[in-house]
Amino acid sequence: MTELIKSAEEVVRALQDSGHEAYFAGGVVRDKLLGIESKDVDIATSAHPDQVQQLFTRATDLQGRAFGVVRVLQDGQVFEVATFRQDLEYQDGRRPAGVLFTTAEEDAQRRDFTVNGLFYDPVTDRVIDYVGGQKDLNAKVLRAIGDTARRFEEDYLRLFRAVRFSAQLGFEIEPETWRILGELSELGGKLAPERVRDELVKCFTGPRPQRALDLLVDSGLMDEWIPEVSKMKGVEQPPEFHPEGDVYTHVHMMVGMLKNADPVVAFAVLLHDIGKPDTFSVDETGRIRFTMHETVGAEMTEGIMRRLRFSNQMVDAVKQCVANHMKFKDAISMKMSTLKRFMSQPYFEQEMELHRIDCSCCHADLSIYDFIREKQQEFAQEPVIPDPLVRGKDLMELGMPPGPLMGKLLTQIQDEQLEGSLKEREQALGRARELVKALTGK
């Protein structure tokens with residue numbers, strides 16, 4: 001038993017000792033029955049918020065109290081303790097207008113999916129199931145509780161949560177639940193971008209992101225937020241480089257290689273060829289071209305990620321991966337200075353993983369990947385980009401005025417340093433004197 005579960009059990013026991021019903025609720029129960037370790041524990045109880053507050057006087061946060069939720073601190077852990085409730089009418093596709101306190105059975109009926117509608121008494125080691133959740137867990141089925149349309153219309157995010165749970169758990173979505181999800185997918189477009197973003201991150205960084213992609217696209221939810229993904233379907237590629245098929249097929253295969261991935265890698269994989277439909281052309285020889293698709297795709301990627309309110313750092317990271325993914329083809333022929341600068345970029349490891357997956361899902365040639373890994377080992381004993389031997393103040397002392405020309409000269413000297421022809425500061429200063437004299441006559 002983890003420390004989290006022990007602390008949660010103490011909260012439940014305290015509530016029960018005071019004469020109230022109290023159980024673990026929702027995801028923690030599902031995870032326990034599936035043998036998965038939970039990261040948080042929600043507790044449901046017959047105790048009203050003021051009774052919970054009285055019982056845990058020194059460790060209570062009243063946030064969410066209007067909806068019957070009190071946050072309790074126990075042994076350094078925070079637990080949401082919610083009174084059994086019925087929700088009043090939902091008016092904004094997110095929250096009810098209010099709640100009525102009720103019984104455990106009625107509380108279970110208001111929840112989203114049967115596998116999330118279970119209670120568990122840790123004191124007596126007993127599962128309480130009012131919604132058939134255990135049967136669906138055993139059958140690996142995700143089913144909405146009660147009126148399916150109503151469940152989705154109460155909180156539009158449940159549309160995305162259905163996809164996420166199906167992909168994470170490896171469960172099939174029950175046919176009626178799936179049918180209604182597709183019919184109501186347009187409601188997903190009314191959600192706050194931040195809520196959608198968080199669900200998409202969980203989908204594509206989980207254990208089965210390809211399953212999530214299939215469900216998002218087939219349901220229509222993807223078109224509500226990233227319609228550019230579906231536009232990759234049917235866009236042909238040169239068969240000599242992409243025997244696997246069109247652009248979407250290629251991306252779909254790449255997503256299938258992800259598992260619990262770095263978020264930057266996951267979204268770079270999804271979006272790296274997003275610019276191909278807009279740059280598709282056929283030249284005079286009949287060859288398919290996607291001229292500058294990486295540059296177009298990088299700008300599109302920024303627009304998509306800002307649409308979903310990703311952080312500036314995340315936007316920059318994924319955009320750079322998309323912008324740079326075609327540079328790998330030239331790595332073997334790069335000058336040493338160019339290669340070192342390429343390898344020193346802040347998101348290079350994510351770019352490398354994108355390149356590996358990209359190659360694995362088309363021509364399967366990993367020679368460039370292997371070449372760069374060898375170079376990384378070769379450069380491992382010192383920084384790829386060492387401190388410069390010559391700086392701007394050195395050039396000024398030699399009579400070089402500040403300006404763009406000074407920047408070019410500094411770059412030239414550093415290139416020679418990276419190439420290995422300049423190794424000592426005095427040697428580099430001598431080279432700087434030559435260049436300054438040639439440029440200024442001094």
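Contact here means heavy atoms within 4.5 Å. The model is predicted, with local features requiring pLDDT of at least 70, side-chain atom pairs counted only at pLDDT 80 or more, and totals for chains, interfaces and linings using all residues. Residues are numbered from 1 along each chain as its sequence is written, and side-chain values use heavy atoms, leaving out hydrogens and water.

His48 touches Thr83 and Phe101, with residues up to four places away in sequence not counted. His48 lies in the loop between strand E2 (42-45) and helix H3 (49-55). Helices (H or I, at least four residues) and strands (E, at least two) are DSSP runs, numbered from the N terminus. The relative accessibility of His48 is 34%, so this residue counts as partly exposed. The C-alpha atoms of His48 and Ile332 are separated by 68 Å, and the two residues are 284 apart along the chain.

Gln51 sits in helix H3. Gln51 is also partly exposed, at a relative accessible area of 33%. Beyond residues up to four places away in sequence, Gln51 touches His20 and Ser46. Between the C-alpha atoms of Gln51 and Val115 there are 29 Å, for a separation of 64 residues along the chain.

Two loop residues have positive phi. Most residues other than glycine have a negative phi, and most peptide bonds are trans. Lys140 has a phi near 55 degrees, a positive value in a residue other than glycine. Lys140 is placed in the loop between helix H5 (133-139) and strand E10 (141-142). For Asn260, phi is near 50 degrees, again positive in a residue other than glycine. The loop between H12 and H13 holds Asn260. Asn260 counts as exposed, at 51% relative accessibility.

Helix packing was examined for two pairs. Axes are lines fitted to C-alpha atoms, for helices over the stretch in contact, and angles run from 0 to 180 degrees between N-to-C directions. Angles under 35 degrees count as roughly parallel, over 145 as roughly antiparallel, 65 to 115 as roughly perpendicular and the rest as oblique. Helix H9 (residues 193-204) packs with helix H10 (residues 209-219) at an angle of about 135 degrees, their axes being 7 Å apart. H9 and H10 are therefore oblique to each other. From H9, Leu200, Cys203 and Phe204 meet Pro209, Ala212, Leu213 and Leu216 of H10. This contact of H9 with H10 comprises seven nonpolar, no polar and no charged residues. In this classification, Ala, Val, Leu, Ile, Met, Phe, Trp, Tyr, Cys and Pro count as nonpolar, Asp, Glu, Lys and Arg as charged, and the others, Gly among them, as polar.

Helix H17 (residues 336-343) and helix H19 (residues 367-378) form the second pair, packing at about 90 degrees with axes 12 Å apart. H17 and H19 are therefore roughly perpendicular to each other. Met336, Leu339, Phe342 and Met343 of H17 meet Phe371, Ile372, Lys375 and Gln376 of H19. The contact of H17 with H19 has six nonpolar, one polar and one charged residues.

Helix H18 (residues 348-360) has 13 residues, which at 1.5 Å a residue should span 18 Å; its end C-alpha atoms are 18 Å apart, in agreement. The expected span of a helix is 1.5 Å times one less than its number of residues. Buried residues of H18 are Phe348, Gln350, Glu351, Met352, Leu354, His355, Ile357, Asp358 and Cys359. Their cover includes helix H12 (247-255), helix H13 (263-271), helix H16 (312-324), H17 and H19.

Met314, Val315, Ala317, Val318, Lys319, Cys321, Val322 and Asn324 are buried in H16. Among the elements covering these residues are H13, helix H15 (293-307), H17 and H18.

The structure contains zero disulfides, a disulfide being a pair of cysteine sulfur atoms within 2.5 Å. Cys359 is in no disulfide, and the nearest cysteine sulfur, that of Cys362, is 5.6 Å away. Cys359 is buried, at a relative accessible area of 5%. Cys362 is likewise in no disulfide, with the sulfur of Cys359 as its nearest cysteine sulfur. Cys362 is buried, at 15% relative accessible area.

Methods: Buried < 20%, exposed > 50% of the residue type's maximum accessible area, 1.4 Å probe, protein only.
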